[in-house]
Amino acid sequence: MRSLLGLAMLGSVAACSTTSYDFADVKPTATRTTTTSFQTGLAYPRFNDRKPHPWDKALAPTSYAIHGTDVSKYQGSVDWGIARESGVSFAFIKATEGGDRVDDMFATHWQEAKASGIPRAAYHFYYFCRTAQDQADWYIRNVPKEKNSLPPVLDMEWNHMSPTCKKRPPASVVRAEMKIFLERLTKHYGKKPIIYTSIDFYEDNRLDLFTGYDWWLRSVSAHPHIRYGTKDFLFWQYTGTGKVPGIKGDADINVFNGTQNEWRAWVAKHTS
C-alpha cells in the first residue's frame, strides 16, 4: 500500500506506523449529518476494546489517522451517525455469500451508511462449493453499480463453521478462482476489487504470489508487516472485539494505511 500512496515501504516500519503526526492540526468532524457527501470522521480515534492487545507503540493502530469498521447482519441495526462522530471514516458491509445468499442487513447498512456520509464498500464471502463465475454473477445481481461506492471487496478465508461446504481446494485452484471472480467484478464495476484475507488463508494458499490488487489484512496480535512479511496493505483489521459507539456488542475495527490527505485523495479517486 505504501508504494500505492507514494510512501516509503515499511521495511522501516516507522514510515508506516509513525507517531510523529501533528495532533494539533487535526480538525475532526463532530456534528451529526444526513448527506450523500462523504466526509472524514474524527481523526486518530480511540476506541475501546473488550480484549485489547498490548501493541508496541511504534506499531499500534492508534498511530493511524483513519479508522473504520466492517459489519454484517450480526451487528444488527447500526447508528451510523454516531459511529461517524466517534471516528468511523469508512465501512465494509457484507453483501453476499456464495451464489445464493444475501446478508439480511445489507440493504439497510448500505443505505444508512451512505446517508450518514460514510464511504462504504460491499464485500462477498467466498464459498468453495460454487463456481467463481456463479458467485461473481450473484454479487453483481445484488450489489448496485454506484459511482460513489468504494471498490468491491472479496473476502477469502476458510470457513470451518459452514454446515454444507468443507472443501479446501489446492492453493493453485484457489488463486485461479480468485482471478476469475476479481476480473468479472472489475469488468462490471470498473474498479479493481480489494482482497480481504486472514493469516492462515494467506499462508495456505501462497497469496504472496497473487499480485495486482489492494489488500485488507487481518492481524489482531501483531502489525501486518510482522505477520505477512513485506506485503503491502491498504487496510488493516486489527481487532474483532472493539467497542464502537453506534454498534451493539463487539465490532471489527480497521485502519487505512495512510494519512488524512491520502485518504481523501483515495476516496475521491474511487468515488468520482
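F235 is buried in this predicted model, with a relative accessible area of 0%; buried stands for under 20% relative accessible area, exposed for over 50%, and partly exposed for values in between (1.4 Å probe, protein chains only). Because the model is predicted, local features need pLDDT of at least 70 and side-chain atom pairs count only at pLDDT 80 or more, while totals for chains, interfaces and linings use all residues. Residues are numbered from 1 along each chain as its sequence is written, and side-chain values use heavy atoms, with hydrogens and water left out.

Aromatic pairs were assigned to rings of Phe, Tyr and Trp (its six-membered ring) with centres within 6.5 Å; planes under 30 degrees apart count as stacked, over 60 as edge-to-face and the rest as tilted. By this rule the count comes to 27 aromatic pairs. In one of these, the ring centres of Y196 and W216 lie 4.5 Å apart and the planes meet at 65°, so the pair is edge-to-face. Y196 belongs to strand β7 (residues 194-197) and W216 to strand β8, 20 residues apart, so that distant parts of the chain are linked; helices (H or I, at least four residues) and strands (E, at least two) are DSSP runs, numbered from the N terminus. Both Y196 and W216 are buried. F235 and W263 also form an edge-to-face pair, at 6.3 Å centre to centre and with 85° between the planes. Since F235 is in strand β9 (residues 235-243) and W263 in helix α8, this pair ties together parts that are 28 residues apart in sequence. W263 is buried as well, with a relative accessible area of 1%. One aromatic cluster is formed by F90, F92, Y123, Y196, W216, F235, F256, W263 and W266.

Two charged side chains lie over aromatic faces, as judged by NZ of Lys or CZ of Arg within 6 Å of the ring centre and within 35 degrees of the ring normal. R120 lies over the face of W110, at 3.7 Å from the ring centre. K192 is placed over the face of Y213, at 4.9 Å from the ring centre.

Strand β2 (residues 67-71) is mostly covered, 5 of its 5 residues being buried. In a regular strand the side chains alternate between the two faces of the sheet. In β2, H67, T69 and V71 point one way and G68 and D70 the other, and all are buried. Strands are taken as paired if DSSP finds at least two bridges between them. β2 runs parallel to strand β3 (residues 88-97), to which 4 bridges join it, and H67 stands opposite V88 in β3.

A search of the whole structure finds 1 disulfide, the criterion being a pair of cysteine sulfur atoms within 2.5 Å. The disulfide is formed by C129 and C165, with their sulfur atoms 2.0 Å apart. The torsion about the S-S bond is about 90°, so the disulfide is right-handed. Distant parts of the chain are linked by this pair, 36 residues apart: C129 is in the loop between β5 (120-125) and α4 (132-142), and C165 in the loop between β6 (153-156) and α5 (171-189). C129 counts as partly exposed at 33% relative accessibility, whereas C165 is buried, with a relative accessible area of 6%.

Most residues other than glycine have a negative phi, and most peptide bonds are trans. Y44, which is not a glycine, has a positive phi of about 50°. Y44 is located in the loop between α1 (2-5) and β1 (48-49) and is buried, with a relative accessible area of 8%. R206 has a positive phi near 50°; R206 lies in the loop between α6 (199-204) and β8 (214-218) and is partly exposed, with a relative accessible area of 41%.

S272 is found in the segment after α8 (260-271) and counts as exposed at 63% relative accessibility. The side chain of S272 reaches the backbone oxygen of A268 at 2.5 Å. The C-alpha atoms of S272 and L150 are separated by 9.9 Å, the two residues being 122 residues apart along the chain.

Methods
Polar contact = N/O pair within 3.5 Å; in protein donor to acceptor, adjacent residues only side chain to side chain.
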